[in-house]
Every structure is written in structure tokens, then in C-alpha cells.
Amino acid sequence: MFEQAYVTAAVCGPSRAGILTGRYQQRFGYEENNVPGYMDNNTCLSDDDMGLPLEQKTIGNYMKELGYATGYFGKWHMGNADCFHPTKRGFDVFHDFRGDARSYYDYNSENPNYRHEDWLEHGYGQYAESEKYLTHELADQTIEFIEKNQEQPFFAFLSFNAVHTPMEPEEELLKEFPQLSGNRQNLAAMALSMDIACGKVLVKLKELGLDDNTIVIYTNDNGGPSDTNSSDNSPLSGTKANHLEGGIRVPFIIKWAGVIKPNGVYKYPISTLDILPTCVNAAGRKSEGIVALDGVDLIPFLLARNKNRPHHTLYWKKENRAAIRDGDWKLLRFPDRPAELYDLSKDISEVNNQAAEQPEIVK
């Protein structure tokens, strides 16, 4: 378990671009907006056609080159147009939806939907809704992929949309949380559904005898949006869409039986940028040879072969708002007020602004 894991953006689109490429998304024009309208260097022209630039290689591309079967299941959000489709970005298999959010229940005459990017897709351009609750549909599609590829190396990217809005829990799970009400109860039930779905995938790996030879990574793409889904980021300040710790620090767990010691805790800051080089190295390629990666292979750090920090400095930017973490100092830059400075080794809640006492560090 990682105590200080960060995403590259406080909203999901740019954050996913960083996860998929191992590079800060600002390097290729994907600023911290979900639909960056100023991206005009792609083959597609309208705002809706903007997405992850076609010249950027994804983790799917790298794993496929290493002989892995690759599958992507769930929320894509890297461009709705066909040219950005996951099956054209390194993934052999794609199931579910291209957009940012959709209903957890099937679209029908009683639950209509007119955005094609939210329809459930099975392959390329093959649409079919499922009668299953969407969280379980994603897990089941992932399990089917694992079963089909159990005799060869495989890479599965399971991208739950839970616990994103709309707040649509499985009704029978609400009773598990009688002490809660409203959206907080909905959130708890939706989180439980996701927990059950994760468990189904882990159980299947064990049933197939693959759990001792499979790396499992669990993380998120941004902090909790407490204003829309009643999430609670405490003791962190802030929420999704801002650069306080509550917007960019996320859960992160790695399991690799026989390599990483169970029940360990890693205390230095890491980034979701590190997923790509960690997986690529584990699959047999030296990620140091990949030009312009910003992530690092985490395994030497977890095995104490390298006792330094994986990242001494981390960066975030959205238009003229920004943040830098250098060691344990974190500076936040705002468009409408002076910068703020926090010592995260003593103040993870970011309540004691040290900018006036540390002008040289601010500078």
C-alpha cells in the first residue's frame, strides 16, 4: 500500500492520458480539461473528436509489442471518434463505453440515451446493452478475457466508472448501510458493488492458478468529488478538480506474489505515471530505453534496491493554476491570490500556510 500516491491531474480525462502514456499530459497538449478544445494537431477536427493524440503510444501498445494479449474494459474517455478507439491504441479487445459517464443500468425505452459514446460497445462499433449492473458487467467481461488468454501473457485494464455519477446503486445493497442516507448511502452501496466485482476478478485468477504470476494494481484517476457523490477525502483538504491533496492523492495498491512482500507500506511519493514503466519492465523490456517517460519502475524501490525517492519533484497544471511538490514542500499557485506553501511531512491537511515564513522556498 502506498501512503502518498498521486495522479497527474485532478480530473479524469487528462489523468487517464498520463496513466496510459507514462508521460505528463501537458507534454502533448492534453491540459487539465476533459475536452481540451485547443488541441488541433490531430486528424479529427471537432471538439468532440479531440482525444489522446494519435502519435502518443499507450501502455497497450508497449505490452502488445512484448507479446501480451491486451484488453480494455470500461470507461475510455480518451476521445469519442473512431480514430481514438482503444482497438487502435494498442488494445486487442475493448468492451464498454467511449465516453466519461453513463447509467449503471441498460438503456431501453424506460431509460433512453442518445449519446453514442455512452452506449455499451463490444469490439469496434458493435453496440449491445447488458441487463447486468454495469460494475459487474465490466468485471465479467474482464474475467472472460482472462479465461480466453490464460495460456499466454495478458494485460487487462479494468476501468470501472464506479463510483462516478450518476448515483445509481444496486438497490439490494442499500440495506447494508442503514446508518447512512441519501447520496452517502448510495456511494457506500456503489463502492461495495465495486469491491465485490474486484473480488470476482481476484478469485478467478486464483481459480485458474494465475494469481502467483499476475501483477495486480489498484488505483484511481482523481480524488473524491465530495460535492457530487458525498465522498469524504479527510484528512486531506480539497476535492476533485483542485490541486489540494484531496484532488490529486489517491489509493494505490500493488500485489505481486513472490516478489513484493505482502502487507507492506511504502511512504515516499509515487505517481500513476509509474504504472507504465513498472509493467513494461516486469514484462521484460527496459523502460529506460523509452524516450521521454516521466514515470519510473517502482519495483527497485519496493525491494529496497533503490532507497531514494522515486520522484523528488512532481508537477500539476491547469491553465494558470498549478502545484509543485518538491521533497515534502508543496506550493500551490492560484490565479486570484498569492501562492500558498505547505510542509506535507507535518501538515497533510494543508491548513498551515508557510509562504510568509519561507519566501525563498516560495521563490
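Me: Two strands count as paired if DSSP finds at least two bridges between them, and strands themselves (E, at least two residues) are DSSP runs numbered from the N terminus, as are helices (H or I, at least four residues). What makes β3 and β4 partners here?

Reply: Two bridges join β3 (residues 93-97) to β4, and at least two are required, so the pair qualifies. The two strands run antiparallel, and Asp-96 stands opposite Glu-121 in β4. Bear in mind that this is a predicted model, where local features need pLDDT of at least 70, side-chain atom pairs count only at pLDDT 80 or more, and totals for chains, interfaces and linings use all residues. Residues are numbered from 1 along each chain as its sequence is written, while side-chain values use heavy atoms, leaving out hydrogens and water.

Me: Why are β4 and β5 said to stand at the edges?

Reply: The open sheet has four strands in the order β4-β3-β2-β5, with mixed pairing. β4 (121-122) and β5 (154-159) each have a single partner strand, so one side of each has no neighbour in the sheet.

Me: Which strands does helix α1 touch, and at what angle to β2 does it run?

Reply: α1 (residues 12-21) packs on the sheet, touching β2 (69-75) and β5; contact means heavy atoms within 4.5 Å. Its direction makes about 170 degrees with that of β2, on a scale from 0 to 180 degrees between N-to-C directions, with axes fitted to C-alpha atoms (for helices, over the stretch in contact).

Me: What makes α1 largely enclosed?

Reply: 10 of its 10 residues are buried, so the rest of the structure largely encloses it. Buried means under 20% relative accessible area, with over 50% exposed and anything in between partly exposed (1.4 Å probe, protein chains only). Those residues pack against α2 (59-65), β2, β5 and α7 (275-282).

Me: And what makes α3 "mostly covered"?

Reply: Of its 15 residues, 11 are buried, including His-136, Glu-137 and Phe-145. They pack against β2, β3, β4, β5 and α4 (182-207).

Me: How do you know that the length of α3 agrees with expectation?

Reply: The expected span is 1.5 Å times one less than the number of residues. For the 15 residues of α3 that gives 21 Å, and the end C-alpha atoms are 21 Å apart, which agrees.

Me: Why does Gly-90 count as buried?

Reply: Its relative accessibility is 7%, and the limit is under 20%, so it passes. Gly-90 lies in the loop between β2 and β3. Leaving aside residues up to four places away in sequence, it touches Thr-58, Gly-60, Asn-61, Lys-64 and Thr-70.
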